[in-house]
Amino acid sequence: MRKAQPRSALAQVIATVIGFAEKGSQVLATFGWNDFFEAQFAPYREKGFAAGRVAVEHRRAYRLYTAQGEMPAEAAGKLFYEAQGSGDLPAVGDWVVVRQLPGEHKAVIHAVLPRRSKFSRKAAGLHTEEQIVAANVDTVFLVSSLNQDFNLRRIERYLTLAWESGAVPVVVLNKADLCAQVEERLAEVAAVALGVDLRVVSAVTGQGLAELTEYLRDHKTVAFLGSSGVGKSSLINKLLGEERLKTREIREADDHGRHATSQRELILVPGGGLVIDTPGMRELQLWEAGAGLEEVFEEIEACAAGCRFNDCQHENEPDCAVQAALARGEIDPGRFANFKKMQKELKFLQRKQDYRAQAEEKRRWKILHKGFRTHMKQKYR
């Protein structure tokens with residue numbers, strides 16, 4: 001019987017490197033790492049880079065989850081220079097390519113890996129720019145209150161962006177302990193959230209919380225989204241088993257909650273999985289939500305196929321199937337008005353994006369022409 005030959009020094013080094021890589025991938029898996037990101041990262045691994053996931057982003061300073069533990073990081077200057085907008089920069093939930101600074105527990109971010117999903121909105125203010133609220137999310141919990149702050153039109157808006165994100169939306173109706181018409185409200189939401197899971201919960205009594213943990217299995221990531229005061233932080237605290245996130249009591253006068261979260265944060269759940277807490281959004285303007293609009297208002301889109309004109313605006317055109325359905329009571333007027341409102345927002349946003357793209361192209365050609373003229377002057381002096 002032949003004796004096993006001792007491994008060469010090179011083979012031992014290779015085995016050690018592979019062992020470290022496998023161990024690192026196992027650690028990263030607890031943060032949501034999977035085969036998709038492994039395939040995207042492979043070329044960087046060969047060059048000696050490491051991977052990390054953005055847990056917090058605050059004024060372009062970052063905190064990452066890495067195989068070496070939590071680590072502060074900053075983005076490389078080249079990453080900022082090549083970014084076409086804030087949507088190209090790291091966001092909470094992103095997987096990034098990093099290199100640790102020698103002798104320091106700090107990293108530099110050199111690239112952002114392709115995203116599997118992203119929940120985006122138009123950034124608040126006058127600038128036409130994308131703001132990524134959360135990236136690489138598997139499920140989006142659209143949290144709404146069942147008390148006086150209940151709003152179907154707001155739920156439709158959140159659903160529109162959620163479907164566009166690539167993540168799976170779930171409507172979470174919180175504060176069931178403050179509502180005496182839970183079944184009626186549930187039926188109303190079911191009528192506008194077609195094919196979407198609905199969960200009735202209470203952060204106070206614990207009702208329905210066990211059902212929410214099912215979405216965290218296999219190291220999945222869930223983002224909590226909703227307006228200020230709907231109880232996102234309270235629900236996350238219950239899932240974490242500790243009062244980690246700051247919360248505030250609701251106002252007795254109108255049952256409105258008060259804003260508590262001030263930044264987005266990716267948090268590990270003790271039982272497995274991750275959650276992203278987000279600040280309440282005072283304004284949720286659409287960003288590239290055409291497909292999401294079709295998904296949420298599918299009965300209106302289906303009805304529109306029967307209109308006489310392909311470009312029917314469903315206003316005063318003859319033989320408009322949508323207007324006929326409205327007259328028959330088959331389409332809810334409030335829902336249709338919300339559909340039209342978001343359609344107009346998207347068209348206006350598209351015009352602004354086109355104008356911005358044209359202005360940027362004009363600026364680039366101006367710089368090129370100026371450089372060419374300078375070169376020619378120097379050449380023929």
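**Exercises on aromatic ring pairs**

The protein chain folds into 11 helices and 13 strands, where helices (H or I, at least four residues) and strands (E, at least two) are DSSP runs numbered from the N terminus. This is a predicted model, in which local features need pLDDT of at least 70, side-chain atom pairs count only at pLDDT 80 or more, and totals for chains, interfaces and linings use all residues. Residues are numbered from 1 along each chain as its sequence is written, and side-chain values use heavy atoms, with hydrogens and water left out.

**Exercise 1.** Classify the ring pair of Phe36 and Phe37.

*Solution.* Rings of Phe, Tyr and Trp (its six-membered ring) pair if their centres lie within 6.5 Å, and planes under 30 degrees apart count as stacked, over 60 as edge-to-face and the rest as tilted. By this rule the count comes to 12 aromatic pairs. For Phe36 and Phe37 the centres are 5.1 Å apart and the planes stand at 85°, so the pair is edge-to-face.

**Exercise 2.** Decide whether Phe36 is buried, partly exposed or exposed, and do likewise for Phe37.

*Solution.* Buried means under 20% relative accessible area, exposed over 50%, and partly exposed in between (1.4 Å probe, protein chains only). Phe36, with 30%, is therefore partly exposed, while Phe37, with 2%, is buried.

**Exercise 3.** Find the charged end that sits over the ring of Phe36.

*Solution.* A charge sits over a ring if NZ of Lys or CZ of Arg is within 6 Å of the ring centre and within 35 degrees of the ring normal. The charged end of Arg116 sits over the ring of Phe36, 5.4 Å from its centre.
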